[in-house]
Amino acid sequence: MSTILNFIGSTIRQFFKNSTTRKVLGVLLFFSVTILILMSNFSPKQVMLRPDEVAGRNIQSNITAVVIDENQTEELRKQAAAKVQKVYQEDKYALANTKSEINQFFTTVQDILASQNNVQLQIEYLINSTNNRAKDTNQKIVTSKLAAYIINTNPEDLEQMRQTSTSIAQAMMGKPITEEALPDIFQQVAAQSENLGFVPQAREIVKIVTVNSLRPNLIFNKEATEKAIKEAKDAVQPVQKTIKSGEIIVREGDRVTAEQISILEQLGIQRSQSFPLTLVGTVLFVLLTFWLVIEFIRRYYRDIYSNDMLLLLIGLVFIIILLLTRFVTIIKISDQPEINALIGYLSPVAAGSMLIAILLDNRLAYFLTMIMAMYVGLLTDGNQLFYMVVAFVGGTVGVFQVYRLSQTSDLARSGLYIALANILTIITLILVGGNVRLNVIFVGIIVGAINGILSAILMIGALPYLESAFSITSMIRLLELTNPNHYLLKRLLLEAPGTYHHSLMVGNLAEASAESIGANPLLCRVGAYYHDIGKLKRPEYFVENQRGFDNPHEKIAPALSALIITSHVKDGVELAREARLPDDIIDFIAQHHGTSLAKYFYSRALEEDRDGNISEDSFRYEGPKPLSKEVALVMVADSVEAAVRSLQDPNPNRIKEMVRKIIKDKLNDGQLELCDLTFRDLDVIANSFGTILEGVYHKRIEYPEVIVKEFEKRRESHGDHDHQPAEQD
C-alpha cells in the first residue's frame, strides 16, 4: 500500500513540476476568477418574471435608488406627440394644374363633337373617366343624359360652363386645402353648383368637372412632422421616483405588471432573457483577451513567458485591478444617475499599469493597460467606451511617469500627472456626451483627481510586497541601493576608500553609455557601486587602497597574490547574500571579471618559474562571463578606469588608445561572447568612455607665483579665509 501511495505522490509531484502543466492550471485559475468577477454583475438573487405572472414571494429592493417610471413617462410622451401639428408645405402649382384639367375636359369635348364619330359613347366615356369624386356628392343625373345635353348644347353654353367651373375652382383654391379638407371642399362645390342659374344637366357637369379637378394646395411633409414629434418626445423629462432600501416592489400572490418588471430591471433584480447568451459572450471575451495576452508575451517576452512566477505576477495584478474596479462600480454617491455614473472613472487601472512597468517592462505595461481598460468598460454600466478611454489614458500616463525613475519622489508625482490626465479626459468626454452641467463637471474633476492619487498610493503600497514575493529588482529597489547611507557603501567608504571612489567612477562611466546601447542605466550604476564589495575582506591587498609604499604582495608568492585578488569575487558574493542584495546585483559581483587572467601576477609567476609548471588557469577568475549588457559594460568600465588611472601622462590620445586596447583585449579573450553587445555598441562605449575620462584627467593651469602671492595678501588683509583662488580649467 505504501508503495502505491509513494508512486502516486511521486507522479503528482512530477506532474506539477512540468512548466506547461503549471501554465495551464494558472490560466484556468485566473480564467475562472475573471469569469466570476464579470458575472458578479448578475446577482444570484435575480429573478425572471413575466407580465401577468403570479409572484411566488415578496421581492424587495436592497438599495435606495432613483428609477424611471416608464409608463407615466411614455404617457407624457404620447401626449406631447399628439399635440404636435402636422407640417405642410405649399404646392405652388396646384391652381394651375386644376385650371389645366378643367380646360382639358372642355377641349376634349369639342374635339369629340368635331369628329362626328360615336359621339354619344365617347362623351359618356369621358364623363365616366372624369367623374371619380363627384359620385360622393349626390349625383342625380345619369351619364347618358349628361352626354345628350353636351351633344345638343351650343358652344357658347359650353364656354360658359368652362368659365364657371374655373371661377368656382379658383375661389376654392384660394383657401388652404389639405388632403383631409377635400371632402368638405367637394360639398361646398356641390352646394354652389346647385345655386347656379343653369339647367340641371349644366349644373351637374360644372360640379363633376370642378370637383374632380380640385387638389390639395398644402402637401403633408411626413419627414418634418416625424422630426417634430421626436423633438416633442425627447423634450419630455423622464418621470423619476425614489425606491427605498427594503421597499417591496412585488408582493407575493400579486400579478406582476409591466411597470413592476421595468422597476426590477432598473434595480438589477430582473434578469434579462438573454442571460445565457450574455454568459456565453462573456466567456468568449475572456478567452479572446487571455489568448491575446499569452500570445503577446510568448512572441515578444520569451523570458517572462518561460518564468512561471512572472506570469503569476501579471495574473495577480490583473485580478486585483478587476476586483477593485468591481468594488467601485457598486458605490453610490448620489440619487442622481448622471452623478453616480461618474464613479466608474475611479477604476485604478493606472496602479496596475505602473506596477507592470516598474516590475517587468513598460511596453508590456502599455499592452496590458489596453486589456485592463477593456475590462473596465465591460464591468461598468452606462457609456462603457468613456470609462474605457479614461482608464486607458490614465494607465498610459502612469507608464510614462515611471518609465525612467531617477528618485523615489517620482512615484508620488506620478499620481498628480495621472489625476491631471484623468480630469482633462473626463471633461472632454462630458463635452462630447453633451451632458454639460456644472455639478457633473465638478464631480468629474473630483473623481479624476481621487483616481490619480489613489492609484499612486495603491502602487506605492503594493510595490515592496510584490518585489519581495516575486524576487524582482525594481527601479525603486535600485534607487534605494544608491543611497550612500547603505551600510555596505559606508563600510566601503571607511575601510576601502580607494575602492569606493573607483566604484563611483565606474558607475559614472557605465551609466553614461548604458542608454545609448539599450542597457538599463540605473542598474549599471548600482551594479558598479557594489561590484567590488568583496575587497572589504582584505582592502590593503588592492592597490587603490594602499597608502604609502607598503605593498603586501611583495612579501608573498604570485600564486597566493592571485588567489587573494581573485577571491574578492567570491567574498563579494557572500557579503551580498548576507546583505540580501538582489540577484541582479549579485550577478555584477560574480561576473564583472568573467574568466579574465590576473596578468600582473601571472607574469611574475612566469618570471619565477624555472620548471615550467605554471598553469594559466590558476591565475584566472572563476567566472562566469558576463551574461548581460549591463554586466559587460561594468566589466569594461572597471578595467578602463583602473588602466587609465595608471597612465603617467593621461592625455586625450593616450586615453582613447587605452580605452580601445582594453575593449579589444576583452573581446579577444572571449569575455564578451555571452552577452549581446554588438561592435557598434562597443564603438559607442569607447567614444563615451574616452569623452568622460578626458574630462576627468584634463590638465589644469598653474597659477603664476605673483597671482598666488596677491591672493594671499588680500586674504590676510581682509581676514577672509573663504576667498581662495579657485582652480581653472
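Over which residues does pLDDT stay under 50? That stretch is residues 718-729, for which the model has 15 contacts beyond four places in sequence; pLDDT is the predictor's confidence in each residue, from 0 to 100, and a contact means heavy atoms within 4.5 Å. The model is predicted, so to speak of local features takes a pLDDT of at least 70 and side-chain atom pairs count only at 80 or more, while totals for chains, interfaces and linings use all residues. Numbering runs from 1 along each chain as its sequence is written, and side-chain values use heavy atoms, with hydrogens and water left out.

Across the protein, pLDDT averages 83, and 87% of the residues score at least 70. There are 31 helices and six strands, taken as DSSP runs numbered from the N terminus (H or I over at least four residues for helices, E over at least two for strands). Of the contacts between residues at least 6 apart in sequence, 77% join residues at least 24 apart.

Now for the interior. Buried residues make up 44% of the 729, where buried means under 20% relative accessible area, exposed over 50% and partly exposed in between (1.4 Å probe, protein chains only). The largest nonpolar core has 130 residues, and among those touching the most other members are Tyr345, Leu364 and Tyr375. Such a core is a set of buried Ala, Val, Leu, Ile, Met, Phe, Trp, Tyr and Cys residues joined through side-chain atoms within 4.5 Å. Leaving aside residues up to four places away in sequence, Tyr375 touches Phe285, Phe290 and Phe318, among others. Ring pairs also link Tyr375 with Phe31, Phe285, Phe290 and Phe318 into a cluster.

As for rings, the whole structure holds 13 aromatic pairs. Rings of Phe, Tyr and Trp (its six-membered ring) pair if their centres lie within 6.5 Å; planes under 30 degrees apart count as stacked, over 60 as edge-to-face and the rest as tilted. Phe296 and Tyr300 form a tilted pair, because their planes stand at 55°, with centres 5.2 Å apart. The two sit four residues apart in helix α12 (residues 275-300), so about one helical turn separates them. Tyr300, at 57% relative accessibility, counts as exposed. Phe296 also pairs with Phe367: the centres are 4.1 Å apart and the planes at 10°, so this pair is stacked. Phe367 belongs to helix α17 (residues 362-379) and Phe296 to α12, so the pair ties together parts 71 residues apart in sequence. Both Phe296 and Phe367 are buried.
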